[in-house]
Amino acid sequence: MPDQFSIRRDAYITYLCGLENALRSDDRRRVSEARGVLARLRHSFVEGRQYQAYEIVFQHDPPQGDGSEPETWLLVGGLFSLHPLNWRGGGGSRSFGASLGRLQKKLESPVVDRRLTQLLAKDKQALPHYLRQTIRLLSAHDVPVHYERLLSDLLVLLGKDHRGDRASRVRLTWAQEYYTLASAKPAKGHDQPPTDSPETTQ
């Protein structure tokens with residue numbers, strides 16, 4: 001059974017995905033409310049205005065631990081606000097590296113290779129900046145991100161074990177899934193990766 005920390009993390013990501021679903025609603029009130037919340041989450045990147053995002057994050061009770069988890073939740077909320085397109089469908093490759101692999105499959109550009117290299121090389125202080133840049137690039141080309149997986153990975157990369165074996169395995173997985181998807185041949189009868197299902201799943 002999942003522990004209480006995992007349950008809280010899942011609930012937070014489910015909440016974020018609910019905002020994505022609300023944006024697609026025919027209910028103008030729901031759309032307006034979702035846009036307002038996403039705007040507040042974007043303020044997590046604005047010096048002196050982070051408090052507007054704090055309220056959203058802390059109402060979901062992030063575990064305290066070594067103190068890095070609330071900051072990671074704040075970062076993931078901010079990244080989601082820039083690109084509210086969650087990876088749908090279970091199984092298979094779905095790390096942040098997999099999203100970049102999908103992007104490279106679309107663009108076939110050395111820019112994407114450089115983005116991956118930067119992300120794998122940066123320390124915990126510099127990584128959030130490069131994640132924001134990369135999220136904007138993914139958003140520009142409608143490539144989804146598996147935010148549940150991203151939160152899980154960033155809790156390692158930005159936590160106390162950021163220089164340990166777990167962090168090394170996360171980076172290795174990002175690289176492996178990137179190159180697997182970037183070089184994959186389209187399925188027979190398809191020019192693009194399969195379209196995701198309409199329901200959001202974790």
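Two residues are said to be in contact when they have heavy atoms within 4.5 Å. The model is a predicted one, in which local features need pLDDT of at least 70 and side-chain atom pairs count only at pLDDT 80 or more, whereas totals for chains, interfaces and linings use all residues. Residues are numbered from 1 along each chain as its sequence is written, and side-chain values use heavy atoms, with hydrogens and water left out.

With neighbours within four places in sequence left aside, E69 is in contact with R9, P63 and L155. E69 belongs to helix α4, residues 68-82, where helices (H or I, at least four residues) and strands (E, at least two) are DSSP runs numbered from the N terminus. E69 is buried, its relative accessible area being 8%; buried means under 20% relative accessible area, exposed over 50%, and partly exposed in between, with a 1.4 Å probe and protein chains only. Between E69 and V156 there are 9.6 Å from C-alpha to C-alpha, although the two are 87 residues apart in sequence.

Helix α5, residues 96-107, holds S99, which is buried with a relative accessible area of 0%. Apart from its neighbours within four places in sequence, S99 is in contact with W87, L138, V143, P144, V145 and H146.

Next comes a pair of helices. The axes of α6 (residues 110-121) and α7 (residues 127-140) come within 10 Å and cross at roughly 155°, the axes being lines fitted to C-alpha atoms, for helices over the stretch in contact, with angles that run from 0 to 180 degrees between N-to-C directions. The two helices are therefore roughly antiparallel to each other, a description that applies to angles over 145 degrees, while those under 35 count as roughly parallel, 65 to 115 as roughly perpendicular and the rest as oblique. On the α6 side the contact is made by V111, R115, Q118 and L119, and on the α7 side by L127, Y130, L131, Q133, T134 and L137.

Within α7, Y130 is in contact with Q118, L119 and K122, neighbours within four places in sequence again being left aside. The C-alpha atoms of Y130 and Q118 are separated by 7.3 Å, the two residues being 12 apart along the chain.

Finally, with the same exclusion of neighbours within four places in sequence, Y147 is in contact with I13, V76, L79, F80, H83, L85, N86 and I135.
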